[in-house]
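Trainee: I would like to go through the terms used for this model one at a time, setting each value against its cut-off.

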Amino acid sequence: MFETHMDLFVRGRYQASCSQILSQILECTKFPWDSKISRIPIQTFDLLSDFIENSEGAVFQPCYVSLFESCLLQLRLSTEELMSWDELDHDKKMDRKDYQNCVINCCDQLGPEECLRLVFAALNGSSDPAILESCLSCLSFIARYLPSIETVYLPTVVSNLAALPDIPAVNAARTELVGRLSGWISENPAYIEPLLIQLVGTLPHPNLSLTAANSIMQICKLCSRSGRVPLLAMNEQIQ
């Protein structure tokens, strides 16, 4: 019924009521054991985004904050999945793809800096591999929208990448993130050498070699014109 009359709620004088209804719909994300129920908010917000473009978007910002936080929660993998991330079943991969699209939608509504702040808050010094992997994956989804001048959160995140636990899913998310942040890294040269050395060290891992090679290529492509590629250090790491 809400979806049928969505235009009336969003563009009419009932926007405050609409926000309250969406808050209740977001309660569905608290049922992670039932993927059909927990994905209801994604379907609703996908329909909603087109209406919000021409409405008082600020009314719905708290809902998008909640939705983004829910995506972070739903992206978490089980202990078994963290150890065998390359063997995730098709349904799980499709679920994560849906949450990826939802995160990008939230980024469009909230702005990349606010999404980055929410990810940083979720990390909050956590050592839980499920939280780490979820946050790193979420950062990969929004990395291309982050400004190269961002100096509030990314330096801390990037500086701590080397200290993350040696768990397959976390390693994969970290390797992917570094490549996605190549634009930011190229504008912050202090991080180029240590990150490239980390990536070179990842090349021998069969399940990570392709992602690591792509990430190295992206960084080198952007840094080569400035002569900032640490070829000697990379060669020493390989040997």
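This is a predicted model: local features need pLDDT of at least 70, side-chain atom pairs count only at pLDDT 80 or more; totals for chains, interfaces and linings use all residues.

Trainee: Why are helix 5 and helix 7 called roughly antiparallel to each other?

Mentor: The axes of helix 5 (residues 61-74) and helix 7 (residues 90-110) cross at roughly 150° and come within 10 Å. Angles over 145 degrees count as roughly antiparallel, and helix 5 and helix 7 are therefore given that description. Their crossing is left-handed.

Trainee: Which residues make this contact, and what is its make-up by class?

Mentor: On the side of helix 5 the contact is made by Gln61, Tyr64, Val65, Leu67, Phe68, Cys71 and Gln74, and on the side of helix 7 by Tyr99, Cys102, Val103, Asn105, Cys106, Gln109 and Leu110. By class, the contact of helix 5 with helix 7 has 10 nonpolar and 4 polar residues, with no charged residues.

Trainee: What makes helix 7 oblique to helix 8?

Mentor: Helix 7 and helix 8 pack at an angle of about 120°, their axes being 7 Å apart. Roughly perpendicular covers 65 to 115 degrees and roughly antiparallel needs over 145, so the pair falls under the remaining term and helix 7 is oblique to helix 8. Cys106, Cys107 and Leu110 of helix 7 make the contact with Pro112, Glu114, Cys115 and Leu118 of helix 8. By class, this contact of helix 7 with helix 8 has 6 nonpolar residues, no polar residues and 1 charged residue.

Trainee: How do you know that Arg96 forms a salt bridge with Glu133?

Mentor: The rule asks for a side-chain nitrogen of Lys or Arg within 4 Å of a carboxyl oxygen of Asp or Glu, and the closest N and O atoms of Arg96 and Glu133 are 2.8 Å apart. The pair links distant parts of the chain, since Arg96 is in helix 7 and Glu133 is in helix 9 (residues 129-142), 37 residues apart. By this rule the count comes to 4 salt bridges.

Trainee: Are Arg96 and Glu133 buried or exposed?

Mentor: Buried means under 20% relative accessible area. Arg96, with 14%, is therefore buried, and Glu133, at 5%, counts as buried too.

Trainee: What separates Arg117 from Glu114, and how are these two residues classed by accessibility?

Mentor: Arg117 and Glu114 are 3 residues apart in helix 8 (residues 112-123), so about one helical turn separates them. They form a salt bridge whose closest N and O atoms are 2.7 Å apart.

Trainee: Why does Asn124 count as exposed?

Mentor: Exposed means over 50% relative accessible area, and Asn124 has 66%, so it counts as exposed. Asn124 lies in the loop between helix 8 and helix 9, and it has a positive phi of about 45° although it is not a glycine.

Trainee: How are Val200 and Leu210 classed by accessible area?

Mentor: Val200, in helix 13 (residues 192-202), has a relative accessible area of 6% and is therefore buried. Its C-alpha atom is separated by 8.0 Å from that of Ala213, 13 residues apart along the chain. Leu210, in helix 14 (residues 209-223), is exposed because its relative accessible area is 61%. The C-alpha atoms of Leu210 and Thr175, 35 residues apart along the chain, are separated by 10.0 Å.

Terms used:
Residues are numbered from 1 along each chain as its sequence is written. Side-chain values use heavy atoms; hydrogens and water are left out. Axes are lines fitted to C-alpha atoms, for helices over the stretch in contact, and angles run from 0 to 180 degrees between N-to-C directions. Helices (H or I, at least four residues) and strands (E, at least two) are DSSP runs, numbered from the N terminus. Angles under 35 degrees count as roughly parallel, over 145 as roughly antiparallel, 65 to 115 as roughly perpendicular and the rest as oblique. A crossing is left-handed if the near helix is turned anticlockwise from the far one by less than a right angle, and right-handed if clockwise. Contact means heavy atoms within 4.5 Å. Ala, Val, Leu, Ile, Met, Phe, Trp, Tyr, Cys and Pro count as nonpolar, Asp, Glu, Lys and Arg as charged, and the others, Gly among them, as polar. Buried means under 20% relative accessible area, exposed over 50%, partly exposed in between (1.4 Å probe, protein chains only).
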